[in-house]
Amino acid sequence: MSSNNTQNILEVRDLLVYYENAIAINNVSLKCRKGKITGIFGANSAGKSTLMHTISGLIMDMRDKEKKKGGERITWFGEINYNGENITNMKPSDRARKGLILSPERRQVFPESSTMENIKIGGYLATREQAKKTMDYVFKLFPELINLKHREAGFLSGGEQQMLAIGRALMAQPKLLLLDEPLLGLAPSIETRLAQAIKAINTETGVTVVLSEQYARPVFPIIDYGYVLENGSIVLEGSGEELMNNPDVLGAYFGM
Amino acid sequence: MEIIIYGIVNSLTLILMSIGFALAYGVSRIPNFAHGALFILTGYLTWLLRFRMDMPYGLAILLSLIIVAIIGVALYQIILIRVRGMPISEIIASFGVGLAILEFLRWSGLKGTAHMLPPFMSGSMLIFDVPLDYQRIIVVLGGVSVLLFLWFFTTYTKPGLSLKAIAQNERAGLVLGIDSDIAATLAVAIGAVFAGIAAIILLPLGNIVVEMGYEVLVFAIAVSVCGGLGSWKGAVIASFLIGFAQTITVSLVAPHYHFVTALFIIIMVLIFKPSGLFGRQKELEERV
């Protein structure tokens with residue numbers, strides 16, 4: 001088993017997340033192999049985003065804010081191991097420092113900053129050399145952004161914003177890149193384009209990718225392994241092909 | 001000519017008074033209502049160090065700025081961090097601290113007109129036939145350098161960029177490795193230092209009195225609201241708008257109307273642009 005551990009950059013064990021008394025993540029365990037692309041699929045409210053927030057640590061911020069407001073009590077149990085270290089209760093900024101970077105749902109670019117400034121902010125954790133190298137890589141990967149360098153990010157189209165969000169996350173020098181619904185609300189041609197870009201990032205830089213999607217077809221060709229979430233539990237897992245050939249999945253998640 | 005020159009001086013006075021408040025609000029969304037108190041505190045500290053402890057003027061200024069920066073850090077780390085995200089509590093907490101500081105100063109002997117800081121340079125010169133004393137020229141230069149520093153800091157340095165990021169989308173910043181508490185502490189501390197710098201530049205033009213602390217707070221809020229809360233570009237434009245309007249009123253109508261003019265402009269701006277001149281606009285809302 002120990003040789004197996006070194007291959008897994010991320011291991012989630014028996015994770016339970018509660019919003020007040022409602023269970024959002026129910027006993028989820030999953031593993032992400034180093035250097036691979038793992039997909040997490042599920043409908044709205046299946047718990048994809050909560051899972052991403054728990055892995056990235058944003059849930060700690062949500063818990064603290066809710067606590068101050070006297071709102072919902074957010075609690076979680078279980079264990080998240082990243083590179084063999086238990087990070088279950090680590091601040092999100094410290095997780096980022098260790099190379100665990102989330103590109104959040106709905107892109108969340110900094111709307112009043114220019115494209116270039118968004119990218120620069122992304123390089124907060126990078127050294128000057130890393131930032132320069134990664135910036136060149138991002139513009140090679142998304143040449144569309146070159147002409148938009150000085151435009152305010154809030155005025156970019158959805159696809160451009162998503163490219164920017166991924167580029168910005170790359171600037172933070174991730175070892176494990178979490179992409180929360182990167183294809184949400186995009187045109188089919190852009191979906192394909194972005195899926196290919198995600199694959200390119202994975203093969204060219206060796207970054208491990210975990211992505212969540214509702215609709216699996218565009219990302220099916222690029223994932224190595226996938227989990228299907230339903231009501232907060234994993235109901236199915238397997239390689240891309242295994243999932244694809246499962247009749248239950250076909251209708252529900254692949255739109256076929 | 002007189003109106004233009006004194007308008008500029010007046011506008012930069014307002015910028016100096018308000019920029020620290022606008023910065024702290026823009027980044028941490030914390031309205032630092034202790035702003036005016038920090039202003040007076042720096043002035044009084046400098047006075048104490050200079051005249052009671054006989055320090056050289058420059059050293060006294062430097063020391064009081066360092067002290068006020070530390071107070072800013074403590075204000076955030078000890079008090080404001082606990083109420084972060086609850087605007088009403090933030091206002092009450094910071095205003096409470098401000099009241100405590102100001103009234104403590106009054107109690108410990110800061111009253112009357114006995115406390116004055118010397119101007120950096122005395123004398124005056126003629127600019128386009130308008131006499132202008134050196135201290136007011138320093139006000140202009142100081143205001144401009146504060147703005148230049150702020151622009152450079154938020155455009156080219158990592159801490160500055162991180163402040164901008166947290167101001168726009170805290171969670172997106174968190175997952176890029178920016179610690180929002182550190183950013184907010186930095187913002188409140190820089191805001192405090194800006195209040196201090198304003199005090200040191202502006203107070204030699206008058207006496208150090210506790211009431212001035214309240215006045216600075218009112219102007220800082222007025223300028224920030226008018227410019228659009230959270231936007232320091234807006235604060236600069238609003239400073240010029242209010243600054244010139246006041247100068248024109250003073251020279252054409254009567255001096256004691258200047259406060260009324262300021263309030264009139266704020267009301268007008270809020271009627272036609274409720275979110276302030278540069279407030280967050282609808283058109284920038286997220287596109288899906």
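Strand E1 (residues 8-19) and strand E4 (residues 74-82) of chain A run antiparallel and are joined by eight bridges. Helices (H or I, at least four residues) and strands (E, at least two) are DSSP runs, numbered from the N terminus. This is a predicted model, in which local features need pLDDT of at least 70, side-chain atom pairs count only at pLDDT 80 or more, and totals for chains, interfaces and linings use all residues. Residues are numbered from 1 along each chain as its sequence is written, while chains are lettered from A and ligands numbered from 1 in the order in which they are written.

**The sheet of chain A**

- Four strands of chain A make an open, antiparallel sheet in the order E2-E1-E4-E5; two strands pair if DSSP finds at least two bridges between them.
- Strand E2 (22-33) and strand E5 (85-86) of chain A are at the edges with a single partner strand each, so one side of each has no neighbour in the sheet.
- Helix H2 (residues 48-56) of chain A packs on this sheet and touches E1, E2 and E4 of chain A; contact means C-beta atoms, placed from the backbone, within 7 Å.
- A:Tyr19 has A:Ile74 in E4(A) as its bridge partner.

**Chain B as a whole**

- Chain B has 11 helices and two strands.
- The radius of gyration of chain B is 19 Å, close to the 19 Å that the globule rule gives for 288 residues, so chain B is as compact as a globular protein of that length; the radius is taken over C-alpha atoms, and the rule is 2.2 Å times the number of residues to the power 0.38.
- Of the 288 residues in chain B, 49% are buried (20 or more other C-beta atoms within 10 Å of the residue's own; exposed means 12 or fewer, partly exposed in between, with C-beta atoms placed from the backbone).

**Helix H4 of chain B**

- Helix H4 (residues 87-107) of chain B reaches 30 Å from its first C-alpha to its last, close to the expected 30 Å (1.5 Å times one less than its number of residues).
- Among the buried residues of H4(B) are B:Glu90, B:Val97 and B:Leu105.
- On the other side of H4(B), B:Ile88, B:Ala100 and B:Trp107 are exposed.
- The buried residues of H4(B) pack against helix H2 (35-52), helix H3 (57-83) and helix H9 (210-227) of chain B.

**Helix H2 of chain B**

- In H2(B), 15 of the 18 residues are buried.

Methods. Two residues are in contact if their C-beta atoms, placed from the backbone, lie within 7 Å. Axes are lines fitted to C-alpha atoms, for helices over the stretch in contact, and angles run from 0 to 180 degrees between N-to-C directions.
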